[in-house]
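Here's a quick tour of a protein and its ligand. Have a look at the picture first, and then we'll go through it topic by topic.

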Amino acid sequence: MIEALDLHKSFQTKTGLVKAVQGVSFRANDGEITGLLGPNGAGKTTTLRMLYTLMSPDAGRVEVDAFDAVRDAEAVRRRLGVLPDARGVYKRLTARENIAYFGRLHGMSDADIARRTRELSEALGMEDVLDRQAEGFSQGQRTKTAIARALVHDPKNVILDEPTNGLDVMTTRGLRDFLRQLRAEGRCVIFSSHIMQEVAALCDRIVVIANGRVMAAGTPDELRAQTGEANLEEAFVKAIGSEEGLHA
Ligand SMILES: Nc1ncnc2c1ncn2[C@@H]1O[C@H](COP(=O)(O)OP(=O)(O)OP(=O)(O)O)[C@@H](O)[C@H]1O
């Protein structure tokens with residue numbers, strides 16, 4: 001389970017202070033997919049970075065399975081699998097070597113790494129590229145490698161920053177099935193997106209973010225009730241106040 005408790009984060013820039021996240025709170029439960037939906041610049045990536053301990057919040061707290069992300073950062077990292085916005089796949093290594101490298105960083109045995117690599121490559125449909133050097137991989141192949149690598153240590157909680165960005169329709173469908181499988185395994189899954197159809201298709205719980213603030217949050221039914229809109233996509237538009245930036 002992942003909890004964001006009144007998170008704040010600002011950045012000093014040449015043109016002044018950018019308030020990227022201004023009081024974001026939500027809870028993502030185990031066995032559920034939670035979607036962070038918002039237009040470009042809403043604060044999704046900054047929020048996720050605080051959840052996965054890359055950035056510390058100016059104010060507020062993150063808890064992962066009741067561990068504090070600042071005080072117990074190590075314990076939190078062990079419980080997380082992360083697909084960051086910069087995928088960061090090592091080009092000189094094959095997909096298999098990329099996955100194994102992360103497995104070793106987590107202290108896994110070669111046998112466990114081999115077993116998890118088999119499971120993940122089958123689930124993600126990437127057996128054909130497993131032993132190819134990542135140099136020259138398509139965007140989808142890079143994303144799959146980065147996801148397999150993030151999950152090699154079998155983490156209970158999974159955070160994915162715009163996982164379907166740049167993927168074709170078939171790869172996106174495969175990835176959606178994969179996320180549903182993670183949910184069925186009882187994991188806590190959080191992903192960000194600016195595509196409302198994506199969030200509507202997958203999520204048990206949705207956090208609508210704009211200008212660094214939570215505009216609405218809840219199950220699809222709760223969001224429809226809160227906004228008085230029968231159609232979920234209309235509910236998103238109403239919560240944000242505009243449909244700009246919410247499409248593919
Ligand atoms: N390191 C940084 N320095 C300065 N400003 C930043 C930094 N990181 C983020 N921001 C600003 O904070 C705001 C929120 O950015 P963030 O990347 O969190 O949004 P996002 O919802 O993930 O957007 P996108 O969908 O475009 O990825 C933006 O105005 C962005 O320019």
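To follow the first topic, you need one idea: a residue counts as near a molecule if its C-beta atom, placed from the backbone, lies within 6 Å of it. Keep in mind that this is a predicted model. The protein's mean pLDDT is 93, and the complex gets an ipTM of 0.96 and a pTM of 0.94 from the predictor.

**Around the ligand**

- The shell around the ligand has 13 residues, and Phe11, Ala20, Asn40, Thr45 and Thr46 come nearest.
- Strand 1 (2-13), strand 2 (16-28) and helix 1 (44-51) are the elements that each supply two or more residues to that shell.
- Helix 1 gives the most, with three residues.
- By class, the shell has eight polar residues, four nonpolar ones and one charged one.

**A closer look at Ala20**

- You'll find Ala20 in strand 2.
- Is Ala20 buried or exposed? Ala20 has 24 C-beta neighbours inside 10 Å, so it counts as buried, given that the cut-off is 20 or more.
- Leaving out residues up to four places away in sequence, Ala20 touches Lys9, Ser10, Phe11, Gly43, Thr46 and Gly212.
- Ala20 and Leu232 sit 212 residues apart in sequence, and their C-alpha atoms are 26 Å apart in space.

- Where the two touch, domain 1 brings ten residues to the contact and domain 2 brings nine.
- On the domain 1 side, helix 6 (residues 169-184) gives the most, with four residues.
- That side of domain 1 is made up of five nonpolar, four polar and one charged residues.

**The nonpolar core**

- The largest nonpolar core has 66 residues, and Ile159, Val208, Ile209 and Phe236 touch the most other members.
- Where does this core lie? Domain 1 and domain 2 both give residues to it, so the core lies between them.
- Phe236 touches Leu37, Met196, Val208 and Leu246, again not counting residues up to four places away in sequence.
- As background, nonpolar side chains tend to be buried together in soluble globular proteins.

- A pLDDT of 70 or more is reached by 100% of the protein's residues.
- Confidence is highest in strand 4 (residues 59-64), at a mean of 98, and lowest in helix 9 (residues 232-240), at 88.

How values were computed
Residues are numbered from 1 along each chain as its sequence is written. This is a predicted model: local features need pLDDT of at least 70, side-chain atom pairs count only at pLDDT 80 or more; totals for chains, interfaces and linings use all residues. Ala, Val, Leu, Ile, Met, Phe, Trp, Tyr, Cys and Pro count as nonpolar, Asp, Glu, Lys and Arg as charged, and the others, Gly among them, as polar. Two residues are in contact if their C-beta atoms, placed from the backbone, lie within 7 Å. pLDDT is the predictor's confidence in each residue, from 0 to 100. A nonpolar core is a set of buried Ala, Val, Leu, Ile, Met, Phe, Trp, Tyr and Cys residues joined through C-beta atoms within 7 Å. A residue is buried if 20 or more other C-beta atoms lie within 10 Å of its own, exposed if 12 or fewer, and partly exposed in between; C-beta atoms are placed from the backbone. Domain bounds come from an automatic or database domain assignment.
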